[in-house]
Amino acid sequence: MKITIFGTGYVGLVTGACLAEVGNDVLCMDIDQQKIDKLNQGIIPIYEPGLEDMVKVNHESGRLRFTTDAKKAVEHGLFQFIAVGTPPDEDGSADLQYVLAVAKAIAENMSEYRIIVDKSTVPVGTADKVKGLMQKTLNDRRMDVEFDVVSNPEFLKEGAAIGDFMKPDRIVIGTDNPRTTELLKALYTPFNRSYDRIIAMDVRSAELTKYAANAMLATKISFMNELANLAEHLGADIEHVRNGIGSDSRIGYSFIYPGCGYGGSCFPKDVKALERTAKEFGYQADLLSAVERVNDKQKHVLFDKIHQHFNGQLKGKIFALWGLSFKPKTDDMREAPSRVLLEALIAAGATVQAYDPEALAEAKRIYGDKAGLTLCKSQTETLENADALCVVTEWKNFWSPDFGQLKLKLKEAVVFDGRNLYEPKQLKAAGLAYYCIGRPINN
């Protein structure tokens, strides 16, 4: 099938590469000429395991191509995927300017039937806005061209996006046209062979499904973080509690790991956007507000522990920081807890020596040559002259350090662990003071 993807960011590039991988003819369009030039050279703008090789192979085969020509893109594909960003506006609502700009561009250039597929995460009612704008644009052109607008939300985890697309848990299709449903089913046949993963529904329900999924996962994380903070006051161990409740099949173990808050491009933005949508329709979503508040507070927990341990005397201290990305297997630092911590430490007069396996370039892009921040080439380098170690992202290579060496390297012999990677008794035996999330301090 001939497919056009508008947007070559995280969702667009993964979608385009995976659809090309199963034999489709995919053309990806972006207005950023520099990005398109790099993609045509085999240089991809993001880190995602397996994506670079998939893009290169399919680009070399001719199944995956890149352009900045909107007219060419619209002429190419029966399916016109909109996979552009929907960043939070000042009031927390999703900014739809890029989605609507693509919709207008499609309507300005189409001359025959097209299926417009909203792949971006968009508020309920966006498909109606896209349809209305496209119809007005066609009317202005005095063109009578049939089209359908479909909601087909993505459910891709950063760090596992290729697997999620190629072997999805579910494929949600929101449309009011049975014919369009059948066309989408045909498109997704290669990903739907072992059992039927397609869930067809009306457009608005599909739009809400994406937000509901992310809000539910964010709620589980914030709930566990609230319990972790309570456990510290009660003298309980949140890791024991996690095992106790996770064994209940109604709850499960996924997304109940306490830590220093969630980040990334989805959860923070989508919780805010859904809360804002509720307000627009006259409903106060109290639970969503609480989820957001708890997470914002949780991002300051590590700094509070550091501040307390050093009695507020942070000026001149040097902190090793392991992990910059909001989660492992990505270089994404959007809304990352590491940013809250390092900025708070620097504001308090401390110096931060940070390392991340993939996010150093992104950190350099965000912070430049920020005073007080040194980006190191290895986790060992961060420890030079450091007073303490802070672990913020649970990359696998941080899980089993030499605690004896840490004791020798760190001036204050103290570790602040925002992901509960280590066993408190083990660090105590090594002579290290240890602060984590929701566990008794065995110092």
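Grid points are joined across faces, edges and corners, and the volume is the space filled by probe spheres set on the points. The largest cavity has a volume of about 50 Å³. Its lining, meaning residues with an atom within 4 Å of a point, consists of Y262, P268, K272, E292, N295, D296, K299 and E335. Two elements, helix 11 (267–280) and helix 12 (286–298), each give two or more residues to this lining; helices are DSSP runs of H or I with at least four residues, strands are runs of E with at least two, and both are numbered from the N terminus. The most comes from helix 12, with 3 residues. Sorted by class, the lining holds 2 nonpolar, 1 polar and 5 charged residues, where Asp, Glu, Lys and Arg count as charged, Ala, Val, Leu, Ile, Met, Phe, Trp, Tyr, Cys and Pro as nonpolar, and the others, Gly among them, as polar.

Residues are numbered from 1 along each chain as its sequence is written, and side-chain values use heavy atoms, with hydrogens and water left out. Because the model is predicted, local features need pLDDT of at least 70 and side-chain atom pairs count only at pLDDT 80 or more, while totals for chains, interfaces and linings use all residues.

Turning to the strands, 6 of them form an open sheet with parallel pairing, in the order 11-10-9-12-13-14; two strands pair if DSSP finds at least two bridges between them. Strand 11 (373–375) and strand 14 (433–435) stand at the edges with a single partner strand each, so one side of each is left without a neighbour in the sheet. From one strand to the next the twist averages 20 degrees, taken between axes fitted to C-alpha atoms, with angles running from 0 to 180 degrees between N-to-C directions. Within the sheet, strand 12 (residues 388–391) and strand 13 (residues 414–417) pair in the parallel sense over 4 bridges, and L389 has V415 of strand 13 as its bridge partner.

Cysteines were checked for disulfides, that is, pairs of cysteine sulfur atoms within 2.5 Å, and the count came to 0. For C376, the closest cysteine sulfur is that of C390, and at 13 Å it is too far for a bond. The sulfur of C390 in turn lies 9.9 Å from its closest cysteine sulfur, in C260, which is also too far for a bond. C376 is buried, with a relative accessible area of 1%, and C390 is buried at 0%; buried means under 20% relative accessible area, exposed over 50%, and partly exposed in between (1.4 Å probe, protein chains only).

Some backbone angles also deserve a look. F255 is not a glycine, yet has a positive phi of about 60 degrees. This residue sits in the loop between helix 10 (238–246) and helix 11 and is partly exposed, with a relative accessible area of 31%. N420 likewise has a positive phi, near 50 degrees; its place is the loop between strand 13 and helix 17 (424–429), and at 11% relative accessibility N420 counts as buried. N311, with a positive phi near 55 degrees, follows helix 13. In helix 13 (residues 301–309), the buried residues are V301, L302, F303, K305 and I306.

Notes:
1 Å grid on protein atoms, 1.4 Å probe; cavity = no way out; pocket = protein on both sides within 12 Å on 5 of 7 lines; lining within 4 Å.
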